[in-house]
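Me: Can you walk me through this one? I have the sequence and the coordinates open.

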Amino acid sequence: MSAGADTSGDIRVLAVDDHRLLREALCDLLEMYEGLTVVAQADDGPSGVRMAGLHRPDLVLLDVEMPGPGPLANLRGVRQAAPEARIIMLTMHDNRQLIDSLLSAGAVGYLHKEADREVLVAAIRSAMAGGTTMFLPRTPSGSGPEREPAPADTLTLRERELMELVAQGLSNRQIGTRLGITEGTVKRHLRNIFDKLGATSRLDAVNRVQPLRRY
């Protein structure tokens with residue numbers, strides 16, 4: 001696809017990661033989803049900046065741990081090369097100070113690479129809808145390895161139905177249309193869901209209900 005071409009209306013994605021196998025697997029995964037098109041790949045920050053300027057993607061997936069000038073410099077370079085692009089940072093680490101710095105510098109998402117593919121796709125769609133999200137693995141509070149199921153079990157049938165649509169990356173308006181309710185009602189449902197799950201974002205809520213969707 002040539003730079004700037006967008007005949008399908010798809011979200012045009014640039015993936016920047018120095019781990020080739022992981023990057024290519026990520027791109028193959030994204031291409032499986034309707035409405036997503038990978039327009040370019042890069043294996044380091046400077047190459048990512050060049051690709052951003054050349055292809056002007058809608059969204060950039062930018063790895064934090066790459067050799068070179070560092071994540072903040074890479075982020076700023078991409079923003080300068082493609083000011084309209086939304087940028088989601090991908091990482092293997094939980095560094096709260098770095099998270100704050102990157103979000104303050106213009107990133108709209110910060111995702112751990114252990115995030116499920118539904119979480120990643122939802123993050124992309126949320127970013128394009130104007131959202132800012134963060135997903136990091138939660139540290140187990142008890143001695144056992146299992147996640148506590150009780151909060152998710154309190155969701156009503158309608159709330160679980162709504163969360164299925166959130167996991168698909170639908171906006172509040174789209175969810176309302178699908179369920180035949182107003183956007184305000186969707187927001188009220190989401191607030192109740194967040195309270196029940198102890199979730200801090202849409203993506204966190206999606207991750208917390210995954211066990212309900214996997215048997």
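Me: What kind of model is it, and what does the pLDDT average?

Reply: It is a predicted model. The protein averages a pLDDT of 83, and 86% of the residues score at least 70.

Me: How many helices and strands?

Reply: The protein has 10 helices and six strands.

Me: What is the strand order in the sheet?

Reply: The order is β2-β1-β3-β4-β5-β6, in an open sheet of six strands with parallel pairing. β2 (36-42) and β6 (133-135) are the edge strands, each pairing on one side only. From one strand to the next, the twist averages 20°.

Me: How many bridges between β1 and β2?

Reply: Six bridges, in the parallel sense, with β1 covering residues 11-16. As for V13, its bridge partner in β2 is V38.

Me: And which strands does α1 touch?

Reply: Helix α1 (residues 20-31) packs on the sheet and touches β1, β2, β3 (59-63) and β4 (86-91). The direction of α1 makes about 165° with that of β2.

Me: What about α5?

Reply: Helix α5 (residues 117-128) also packs on the sheet, where it touches β1, β2, β3, β4, β5 (109-112) and β6. Its direction makes about 155° with that of β4.

Me: Switching to α8. Which residues are buried there?

Reply: N172, I175, G176 and L179 are buried in α8, which runs over residues 172-179. Seen down the axis of α8, these buried residues fall within an arc of 100°, so they line one face of the helix.

Me: Why would that spacing put residues on one face?

Reply: An α-helix has 3.6 residues a turn, so residues three or four places apart point the same way.

Me: What do the buried ones pack against, and which residues are exposed on the other side?

Reply: The buried residues of α8 pack against α7 (157-167), α9 (183-197) and α10 (202-208). R173, T177 and R178 are exposed on the other side of α8.

Me: What comes just after α8?

Reply: G180, with a positive phi of about 75°.

Me: Back to confidence. Where is the pLDDT under 50?

Reply: One such stretch is residues 1-7, for which the model has 12 contacts beyond four places in sequence. Residues 140-150 are also below 50, and that stretch has five contacts in the model beyond near neighbours in sequence. Where pLDDT is low, the predicted coordinates should not be read in detail.

Me: Last one: how much of the protein counts as buried?

Reply: Of its 215 residues, 47% count as buried. The accessible surface comes to about 11200 Å², and 50% of that belongs to carbon and sulfur atoms.

Key. Residues numbered from 1 in each chain as written. Predicted model: local features only at pLDDT ≥ 70, side-chain atom pairs only at ≥ 80, totals over all residues. Heavy atoms only, no water. Buried < 20%, exposed > 50% of the residue type's maximum accessible area, 1.4 Å probe, protein only. Helix = DSSP H or I, 4+ residues; strand = E, 2+ residues; numbered from the N terminus. Arc of directions from axis to C-beta. Contact = heavy atoms within 4.5 Å. Pairing = 2+ DSSP bridges. Axes fitted to C-alpha atoms, helices over the stretch in contact; angles between N-to-C directions. pLDDT = per-residue confidence, 0-100. Areas by Shrake-Rupley, 256 points an atom, 1.4 Å probe, with all protein chains shown as cover.
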